[in-house]
Amino acid sequence: VADEVVTLDVDFNLELTFGDVIHSRVFQLKSQRRFLPDLGASFGIKFLRLADCRTRLWWSFSESKLMVAFREPPDVKWDIAARVFGLELPNWLEDDVLCLGLRRVLSSFNLKNPIVVPLDVQEQMDRGAAAAAAASFAAAREVERATAAAAKAAETMRRVAASAAERGGGAMPE
C-alpha cells in the first residue's frame, strides 16, 4: 500500500487581497430552514492571510483521494466587516475572536483528522454524464412541449382562417 500513496510536506504562506476597501455586503448568510430566523448576517473581506502553514498531503492512488492536514496550527489574520441583525460587529470581535475561531477550525484538521478530498475521476465523470443526460432529456422534453404547442397554435389559426373564410364567402388561403 505504501507504494500507492504519495506523501508531501508542504510549507507555504498565502495572502488573498480583495481590494483596498471592505465592501460591507460581499457575502450574505441566509437561513434555508423555515424554523430558523434569518439573522440578517453579512460580511465583507479586505484580506485573508494564512502564514506559516505547515501541511502534509497524502495522495492515495488506490483509494482515489487526497488528504490534507496541518502539522502545526497556521497563523490566520484577516480584515473583515461583519453585520448581524443589521448591526456592525466591533473590530475586536470580527478581526480577532472570529479569526481565532477560524484558526481553531483549520487546526482541527491535523495529522489524526485530515481533510479528505475524493478524487475518483471515473465517479466524477459518471456523475457529469448522468447530469448531462438528465439535462438533455429535460431539453428534449421542452422541445417536444414547444412543438406540440406550436402545432396546436397552427391548428387554431387554420380553424380561425377557415371560419373567417366561411363568413366572408371567400376562398380559404392555402
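What share of the contacts in the protein chain with a separation of 6 or more comes from residues 24 or more positions apart? The figure is 66%. Please bear in mind, colleagues, that the model before you is predicted.

Let me turn to the overall layout. The protein chain contains seven strands and two helices. Read from the N terminus, their order is β-β-β-β-β-β-α-β-α. Of its 174 residues, 17% count as buried.

I come next to the interior. In soluble globular proteins, nonpolar side chains tend to be buried together. Here the largest nonpolar core has ten residues: Ile45, Leu48, Leu50, Cys53, Phe70, Val76, Trp78, Ile80, Cys99 and Leu106. At least two residues of this core come from each of strand S3 (41-60), strand S5 (75-84) and helix H1 (91-107). The greatest contribution is that of S3, which provides four residues.

Finally, I wish to consider the aromatic rings. A pair of such rings is described by the distance of the centres and the angle of the planes. One aromatic pair is found when the whole structure is searched. Its members are Trp59 and Phe61, with ring centres 4.9 Å apart and planes at 35 degrees, a tilted arrangement.

Are these two residues buried, exposed or in between? Trp59 has a relative accessible area of 42%, and Phe61 has a relative accessibility of 43%. Buried would require under 20% and exposed over 50%, so Trp59 counts as partly exposed, as does Phe61.

Definitions and conventions:
Residues are numbered from 1 along each chain as its sequence is written. This is a predicted model: local features need pLDDT of at least 70, side-chain atom pairs count only at pLDDT 80 or more; totals for chains, interfaces and linings use all residues. Side-chain values use heavy atoms; hydrogens and water are left out. Buried means under 20% relative accessible area, exposed over 50%, partly exposed in between (1.4 Å probe, protein chains only). Contact means heavy atoms within 4.5 Å. Rings of Phe, Tyr and Trp (its six-membered ring) pair if their centres lie within 6.5 Å; planes under 30 degrees apart count as stacked, over 60 as edge-to-face and the rest as tilted. A nonpolar core is a set of buried Ala, Val, Leu, Ile, Met, Phe, Trp, Tyr and Cys residues joined through side-chain atoms within 4.5 Å.
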